[in-house]
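Student: I am new to this structure and would like to go through it step by step. Could we look at it together?

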Amino acid sequence: MRRELALHTDKYQINMMYAHWVNGSHKRKAVFEAYFRKLPFGNGFAVFAGLERIVGYIAGLRFTEEDIRYLSEQEENYAPAFLEELLQFHFQGTIHSMKEGALVFPDEPLLRVEGTIMETQLVETAILNFMNYQTLIATKASRIKQVAPDDILLEFGTRRAQEADAAVWGARAAYVAGFDATSNMLAGKLFGIPTKGTHAHSWVQSFGSEQEAFDAYAKVMPDGVTLLVDTFDTLRSGVPNAINTAKMLESQGKRMNAIRLDSGDLAYLSRQARKMLDDAGLPYVKIVASNDLDENTIMNLKSQGAAIDTWGVGTQLITASDQPSLGGVYKLVEIESASGEMIPTIKISSNPEKVSTPGKKDVFRIIGANGKALADYISFPEEEIPRNGARLKLFNPLHPYMKKHVDRYEALPMLEPIFVNGFQVYKLPNLEEIRQYHREQLDLFWPEYLRKLNPEVYRVNLSQQVWSRKQQLIAEHMQTDME
């Protein structure tokens, strides 16, 4: 969890900063927006996460003397005066962002960064790194929560994560989206996430017998015993031995917490284990399952009647194994002209989905009279804020003939000011507040937008002004190309 992250950037950012500095354009004002183009996992929504780390990064963004010494050794041979300016650098721009736990959708700004071209360029790589990874893991965790809404979910992915930062911040992202605890002690310490753990097969193997291992573990921690029962034979030895240990605990006025299954046919084994525990008068002993679980496996196990109360999810969650990147981008949308006017910019591409939407923009969530979200609405800050009673036109940006008008609605602003002129104005909520906000966000949406399979597409609409400006710039660029 290093604090000195100024060099957590791509070299071309430093090179562009240097080129602007040499050209005397490094103080030009610029506006960038971060967003993603396509939802991960074929999902109907994503869960925004990563803001806390972004805030910490921006607040502590400084180049150390060691950083400057390293930069002075680069082949570009940066001018000493440029390096001296970097040594005095601190972020003085303005950032607006979605709140963590928000449900977010393609092509809408998740963060908006305003400042000099030099500082807005520098922060791109780190912002995307933090946003892309944590949003991806939070979205994956939310998918798992959807299929097991009433069960206990444990994040068990540390040993398979891509290094320590991924393990720790991935555990946090999973907790934001509804997981109940993590096995990672550092994540627990840093963020206050509940920690849970059982024991490994090696514990059982280190004793003369499975029964001896179970009894020894129970004597050490009699108030929170969960026993791993598949080291040798789950139903012939593991569960019967666990029952014996549970009876021993009962004689001491204690109750065993659970058994854990980590291999084999989890549906069959859990049903059989449940029957054995119930027949032994131990209905209170829960069943925990692990072993490469994800939302698809859990949904299938549930459809087979698996008697599992708690799911330990590791590799598939922490690595987002079925889609290991979000693909968020950071695009210039406005730049200061020589006369000091802010000019909207557009990126044209032969891939229509990669054409950016010009201009600095706000995002509103339009809530209908029934309390459910109708669409997200993107407009320019200078436009009149949508208000209940004022007729609002919602249309598909790709197919403008698909439209409707609403007049009974609430427009919730989605982008919060985080930094203003370099000063942090946003008080970071605690994790429980973020989790509650995420639950409130889910409640705003009809189930068809949230379902795992073939979700309904939630619309992200442009205001007439934003749409018209985009079409105008596209036409201007096409005209220039023809000339």
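What follows is a conversation about domains, a helix pair and a sheet in this predicted model.

Student: Into which domains is the protein chain divided?

Tutor: This is a predicted model, and what we say here is computed from it or taken from a record. One of the two domains is made of two separate stretches, 11-138 and 324-477, and is called domain 1. The other covers 140-319, so named as domain 2 by an automatic or database domain assignment.

Student: How far apart do the C-alpha centres of domain 1 and domain 2 lie?

Tutor: The two domains do meet, since 23 residues of domain 1 are in contact with 27 residues of domain 2, taking heavy atoms within 4.5 Å as contact. Their C-alpha centres, on the other hand, are separated by 39 Å.

Student: At roughly what angle do the axes of helix α10 and helix α11 cross?

Tutor: Helix α10 spans residues 210-220 and helix α11 spans residues 234-251, and their axes come within 9 Å. The crossing in which α10 passes α11 is right-handed. The angle between the two axes is roughly 35°.

Student: How many nonpolar residues does the contact of α10 with α11 have?

Tutor: On the α10 side the contact includes F214 and A218, and on the α11 side A242, M248 and L249 are among the residues that they and their neighbours meet. By class, the contact also has six polar and three charged residues, and the number of nonpolar residues is five.

Student: Which residue in β18 stands opposite R365?

Tutor: Strand β14, residues 362-368, is joined to β18 by five bridges, and the two run antiparallel. Within this pairing, the residue of β18 opposite R365 is L412.

Notes
Residues numbered from 1 in each chain as written. Predicted model: local features only at pLDDT ≥ 70, side-chain atom pairs only at ≥ 80, totals over all residues. Heavy atoms only, no water. Pairing = 2+ DSSP bridges. Helix = DSSP H or I, 4+ residues; strand = E, 2+ residues; numbered from the N terminus. Axes fitted to C-alpha atoms, helices over the stretch in contact; angles between N-to-C directions. Left-handed = near helix turned anticlockwise from the far one by under 90°. Nonpolar A, V, L, I, M, F, W, Y, C, P; charged D, E, K, R; others polar.
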